Amino acid sequence: MDFRDSPAEAEFRARLHAWIAENNPGLPTSSTADEYWARQAEWHTALYDGGFFGLSWPKRFGGHELPTVFDVILDEELASAGAPPRPSLGYLVQGISTHGSDAIKDRFLPGLISGRDRWCQGFSEPDAGSDLASLRTTATRDGDEYVIDGHKIWTSYSDVADWCFLLARTEHDVPKHKGLSAFAVSMHQPGIEQRPLRMINGITKEFGQVLFDGARVPAENMIGAPGEGWRVAMTIVSHEREPGELGYVARYAKTVNQLERTVRAGPGAYRADQMDAVAWAHVQTEMLRLHVCRRLSERLEGTDHGPGGSVDKLLMTWVEQSVGAADLAISGPNAAVDADDVALKVYLYSRAQSVMGGTSQIQKNIVATRILGLPTT
Amino acid sequence: MDTRDTAEQAELRRAARQLARELGPATVADLDDATRTKRLAAAVRDAGWLELRDDDGSGSPIAGGVEAAIVVEALGATVADVACSGPLLAGDLARRARVEHDNAAVVFAPTLVDAARGTDAHTNEEGYAVDCGGDVDLAYVVVPDGKGYRLALARIDGAPGGADLTRVVRRTSVGAELAAVPAQQRHLTPDDLARWHALGLALTSADLVGVMRGVLDITVAYAAERRQYGVPIGSFQAVQHLLAEAHTLMEGSSSVALHASWAVDNLGPEAAVEAGRVAKAYCARAARTVCETAIQVHGGIGNTWECLAHVYLRRALLSTQWFGDDGEQLLHLRRDRLGGTDGLS
């Protein structure tokens, strides 16, 4: 057991540290401003071109084939410099890598990883949230193509996406989990309508609704086999729940660092309970950083954590919401009198973490039945 | 970075868990089985686990904080009623002072947060020897002197007691006479005491992780077997969610406690203490919730003396207070990191 940097890791950390000092775009805290989401693409390509993204992924697709734990260093250095977190798309890479043919991987992974192609994920629908398998968007075969009709929601960055990782129903006379297929659908075509969503903290650039009305996708863009969509989706959502895949530790640590600086500048202005909230947010964030160290170390031998992702998602949610609560506590009355208060926005955004990527209730169902082995009724 | 167990650590973990399973109490009635407790104590002693922090002959400990925590966690998981953390901490302190260590305990201040301080002649305050073996009647007191600190020995005069039914707490009187430690000793520096403190935080955190793991095991088994409305209570989402949350708290605690145990020997003294404080704050809060959940899921039976759940909760209460509870850790973290002085003299 060793938490220290190896010589190669230390060299990487130093190189990264210097690069960030030169290239930190100084974007606002990710969850609070449209500017952050608008300039996310720039940051992605800059990080990639600097040689600091896709660290553990195959060189063939633009990665660096480094051990998984290098992502811990990336998150730590981004946080300590106050830089934006790394792009959160590892789960799409995992989905395509696990289920896509060689042709699909060669065609889509390089652009996804480099940031040249922007992707969104079309899974949830207005009537298919936690019960994802009941989704009603259809993909109907028409010659060498499928025709897409349906309504997707919570589609992050759909307005800037080049491609949509879409889950649609291709077969109707089979149990609901078996009739789904996954596709890479071009977003640059007629038959697609974007409807942005305004979230409770006011941002409009993250989540959207997408309406498909006769959009078309070549059959060769199917990811996995016909009817394999549910398995593809489960691969993606299980990785979407892993803080090691998402890099969110950097986001939380950055906020906690900011809060600590604020309090240190004038500790006399804060009550004990406000300072305890910040100290607790630090404890939580450290826990998650160390949990990610442990998970990514276990992955050095290729361990797939499966339902363990639900444990990690719950931990990550509690951390994000502790950080949001600490921010609100330190802001005090300002969060109530100033609608543009950043702490207010961080706090409000944190409430979404127990819903997005599968609600905390769904995660607990998974932990109870698949990890603890409790019976289902 | 690779936080996985080495082959030796994995083997130690397996052996410690097996021994704890075989010789720990399976029921509350087992706590009165003197034959079993003697076999358990002998097995732990013969394995050499009480000496892991003793001097290996070169001034270094025989094994790292990680190995000590592995053993402590395994014993906590079966509420094994044998002294282990106490002897490990006494051995660590004696090693740092280059004292010939002979089965003494450590006297803790009444708050249980730190080793008791004494003068040349006697103890300044009432204290407690925590997790001392049944045959131990002497305990170390830390005596400040010009060059740092040295150790003296106090007689433990109180009868065994305490909330924890599996580990002994004995009182030492205020003004108890102190005897000099016979062998020549090295002065303890503040760094020595900090590292020793970090070990205490790491071991009590590891014990709490073990307690959580063990109490969850018996509670999940109970929920799968206990039937109401014709089905196992573990099939109800209300019960499943309580247990899922408890399991998740245990996993997070495990990650943070591992790091604290590694930090004892591998980070600077201040950073090691901070790692210990972070771990202890998290594990103490988590363990309280997990043990209370266990009692709730056991229902009425969980509130009876015969159910092991309260034995776990009681053990958690001692490990929480020993070296300071979550509030104590947060107080220091906020003082160190935020510059706040509120509540500290």
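Predicted model: local features only at pLDDT ≥ 70, side-chain atom pairs only at ≥ 80, totals over all residues.
Trainee: Let's start inside. Which residues have the most contacts inside the largest nonpolar core?

Mentor: Good place to begin! As a rule, in soluble globular proteins nonpolar side chains tend to be buried together. In this model the largest nonpolar core has 194 residues. Those with the most contacts inside that core are Phe165(A) and Tyr140(B).

Trainee: Which helix gives the most to this core?

Mentor: Look along chain B at residues 190-225. That stretch gives 18 residues to the core. The helix you want is helix 5 of chain B.

Trainee: Now the sheet in chain B. Why is one side of strand 5 and of strand 7 left without a neighbour?

Mentor: Read the strand order first: the open sheet runs 5-6-2-1-3-4-7, with mixed pairing. Strand 5 (160-161) and strand 7 (178-180) of chain B each have a single partner strand, so one side of each has no neighbour in the sheet. The reason is their place in the sheet: both stand at the edges.

Trainee: Which residue is the bridge partner of Ala152(B) in strand 7 of chain B?

Mentor: Strand 4 of chain B, residues 148-155, pairs with strand 7 of chain B in the antiparallel sense. Three bridges join these two strands. In strand 7, the partner of Ala152(B) is Ala180(B).

Trainee: And strand 3 of chain B: how many bridges pair it with strand 4 of chain B?

Mentor: Strand 3 of chain B has strand 1 of chain B as a parallel partner, over two bridges, with Val106(B) opposite Tyr140(B). Towards strand 4 of chain B, a hairpin makes the link through two residues. Val142(B) stands opposite Leu151(B) there. This antiparallel pairing of strands 3 and 4 has a bridge count of eight.

Trainee: Let's move to where the chains meet. How much area is buried between chain B and chain A?

Mentor: The contact takes 46 residues from chain B and 49 from chain A. Carbon and sulfur atoms give 67% of the buried area. The total is about 4,600 Å².

Trainee: Which residue of chain A meets Arg337(B) in a salt bridge?

Mentor: Arg337(B) is, with Met1(B) and Leu338(B), among the residues of chain B that lose the most area to chain A. Five salt bridges are found across this interface. In the one with Arg337(B), N and O lie 2.7 Å apart, and the partner is Glu260(A).

Technical notes. Residues numbered from 1 in each chain as written. Chains lettered and ligands numbered in written order. Heavy atoms only, no water. Core = buried A, V, L, I, M, F, W, Y, C linked by side-chain atoms within 4.5 Å. Buried < 20%, exposed > 50% of the residue type's maximum accessible area, 1.4 Å probe, protein only. Helix = DSSP H or I, 4+ residues; strand = E, 2+ residues; numbered from the N terminus. Pairing = 2+ DSSP bridges. Contact = heavy atoms within 4.5 Å. Buried area = accessible area lost by both parts, 1.4 Å probe. Salt bridge = Lys/Arg side-chain N within 4 Å of Asp/Glu carboxyl O.
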